[in-house]
Structure formats: C-alpha cells, structure tokens
Amino acid sequence: MNFQEQFEIYRTHFETYLENRCAGMAFEPQILTESMRYSLLSGGKRIRPVLFFSALEAFGLSFAGEEPLAFALECIHTYSLIHDDLPAMDNDDFRRGRPSNHKVFGEANAILAGDALLSYAFDCMLSECGRDRAHLCAAQALSRAAGAEGMVAGQSLDLLSTGKPGDEKALLAIYRNKTGRLIAAPVVMAAILSGQYQKEAEAFGLALGALFQLTDDILDAVGNRAALGKSIGKDAQEGKLTAVSVYGLEGARRRADESARKCLDVLHTMESADTGFLTQLTEYVRGRDR
C-alpha cells in the first residue's frame, strides 16, 4: 500500500467518525450547533488525527477505539482556526476554501463556537481518562500543548511580534508553541499510550511542526489561493514575523530542508517502531502546495 492510500485510510476513518459525532450534536440555540459543525466539517487535511492514528500503529497499537482523542485534537485545532481568523487576530475572510466562520455567523457567534469546541474537546478527553492512567496522561499532554504552555502562548507572542523587526529567537518560540506543540501532541499521545519513545516522539513532532510552519510561511509568499483555500500574501501585508521575513525566501526553504532532515534523523533512532509512514509524511509536508 502506498503513502496516499494509507493516508486516505486514516483520513476516511476519522472523517466517518467526525461526521457521526457532528450528526449527534444538538446544542441550543441551533446557531451554536450549526457554527460548530460548519467549521468541523469544512474539510482540511486532518493532519493531526492522521498523525495520531499512524503513530499509534508505528508504536505497535491499533487506532481503532482511540477516535475520541483524535476528535478532541481536531476540535482544538478547529477552535484555534476560528479564533485565528477573527478580525482581532489574523482577520482572514477565508478558511479551507470557504468563508471563515465569523463571515457566516458573525464575530460573536464565531467566538462562542470556538469556545464551545474547546470545551467539547475537554469533555471528550475526560470521557477517556477513566480507561487507564495512560489515557489520563495522554489527555494531559494535549491539554498542555493547547494552552498557556503551548499553542495559546505562541499565538500571544505572534500578536506581540507583529509589525516589529525580525527576531529569530521570537520566531522559533512562535514556531515551537503556536504550531509545533499541537503537531507534536498526537505523536506524544501515541507514545504515552504505547509506553515508549516519548522523548523521540516530542523531538520528531516539534521538528515536523517547524517544517509545517516553514512551508506555511513559504506558501503564503508564493502559493496559490485556489490550492491553499485561504488568502495569501497577508503575512507581509500585516508585518507578521515569519521565516520569509527573517531569513528570506531561499533561507526559509533551506531551513525547511533542515527541519525535514531532523525529522528523518529522529525517526531513524526509533529502531523497533514502524516509521515508514511517518517518514513519507515528512516528505509530504515538505513538498505540499496547500
């Protein structure tokens, strides 16, 4: 089975679970449910659930039965996108080729939809914590990656750095927290559940997160809006601190190659794990156009 076929198995399995969970949502008022569903079901690569499922298999576990934690991951990621698109944040009118949540439901309802998705994620995680200590620790790892020690801290620093001269130290901190921690979380969670490779999983995930954000920065400068499904060129217009603004376009590309090599180097140290798919996923992220 090739990489794309395996990726589609993971993605389709998660998409089916996601659709069933969304079909069961019946929160009142109805606009809350509609706005939550709108963003959850708006497509996307589902990189984080795919990472979680593939890492579980790489470490010798089955992904069947672990869907609630994957769903929690996607709820947290989706809430972050809704809030990131708000006028007070990145002020983006499009996400995944569709109008952003706030353009459809209004700013206030978009904020509440994001709040609800974050809370719903924790509800899902708490329902898994009673299974065993490993699931409790996996949920805690995701919680920390999403909050003031991770993604939210990175978002705050991103806002503080906007419009200021290029600062590599700040850029790397933004990369590690805003993107890296939530990319690393599914791999770390899988490692926790398997009882092995936690240190290596974090190193790989953070390097993959850096690679993902580097390619994002590059694509914002030279990408195609139709392929990306969101506005391009906004980073430069708004004075965002990016790899392109700090290193230049070619420098950003070189650092993307370096991050990809670091991912592969870490994977090679996991001698008893089946890292073939994760190796190909690294190559996929480096070569993506969306």
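**Core, fold and selected residues of the predicted chain**

The largest nonpolar core comprises 85 residues, and the members with the most contacts inside it are Leu-51, Phe-52, Phe-59, Phe-71, Ile-76, Leu-142 and Phe-204. To this core helix α9, which spans residues 168–194, gives the most, contributing 14 residues. The model is a predicted one. For Phe-204, one of the residues with the most contacts inside the core, the partners beyond four places in sequence are Leu-51, Val-187, Cys-263, Val-266, Leu-267, Met-270, Leu-278 and Thr-282.

At the level of the whole chain, 15 helices and two strands are found. The radius of gyration is 18 Å, close to the 19 Å that the globule rule gives for 290 residues, so the chain is as compact as a globular protein of that length. Along the principal axes, the C-alpha atoms fill a box of roughly 50 × 45 × 35 Å. Of the 290 residues in the chain, 52% are buried, and the accessible surface comes to about 12600 Å², with 51% of that area belonging to carbon and sulfur atoms. Among the contacts with a separation of 6 or more, 73% are between residues 24 or more positions apart.

Helix α1 covers residues 3–23 and has 21 residues; the distance from its first C-alpha to its last is 30 Å, close to the 30 Å expected at 1.5 Å a residue. At the start of this helix, a side-chain oxygen of Asn-2 comes to within 3.2 Å of the backbone nitrogen of Gln-4. The buried positions in α1 are Phe-3, Gln-6, Phe-7, Tyr-10, Phe-14, Glu-15, Tyr-17, Leu-18 and Cys-22, and the buried residues of this helix pack against α2 (30–40), α3 (47–58), α4 (67–84) and α15. Ile-9 also lies in α1, but its relative accessibility is 38%, and Ile-9 therefore counts as partly exposed. Although Ile-9 and Val-50 are 41 residues apart in sequence, their C-alpha atoms are 9.0 Å apart in space.

Helix α4, one of the elements against which the buried residues of α1 pack, contains Ser-80. Because its relative accessibility is 7%, below the 20% limit, Ser-80 counts as buried. The side chain of Ser-80 reaches the backbone oxygen of His-77 at 2.6 Å, while the contacts of Ser-80 beyond its neighbours within four places in sequence are with Met-151 and Gln-155.

Terms used
Residues numbered from 1 in each chain as written. Predicted model: local features only at pLDDT ≥ 70, side-chain atom pairs only at ≥ 80, totals over all residues. Heavy atoms only, no water. Core = buried A, V, L, I, M, F, W, Y, C linked by side-chain atoms within 4.5 Å. Buried < 20%, exposed > 50% of the residue type's maximum accessible area, 1.4 Å probe, protein only. Helix = DSSP H or I, 4+ residues; strand = E, 2+ residues; numbered from the N terminus. Contact = heavy atoms within 4.5 Å. Rg over C-alpha atoms; globule rule 2.2 N^0.38 Å. Areas by Shrake-Rupley, 256 points an atom, 1.4 Å probe, with all protein chains shown as cover. Expected span 1.5 Å × (residues − 1). Polar contact = N/O pair within 3.5 Å; in protein donor to acceptor, adjacent residues only side chain to side chain.
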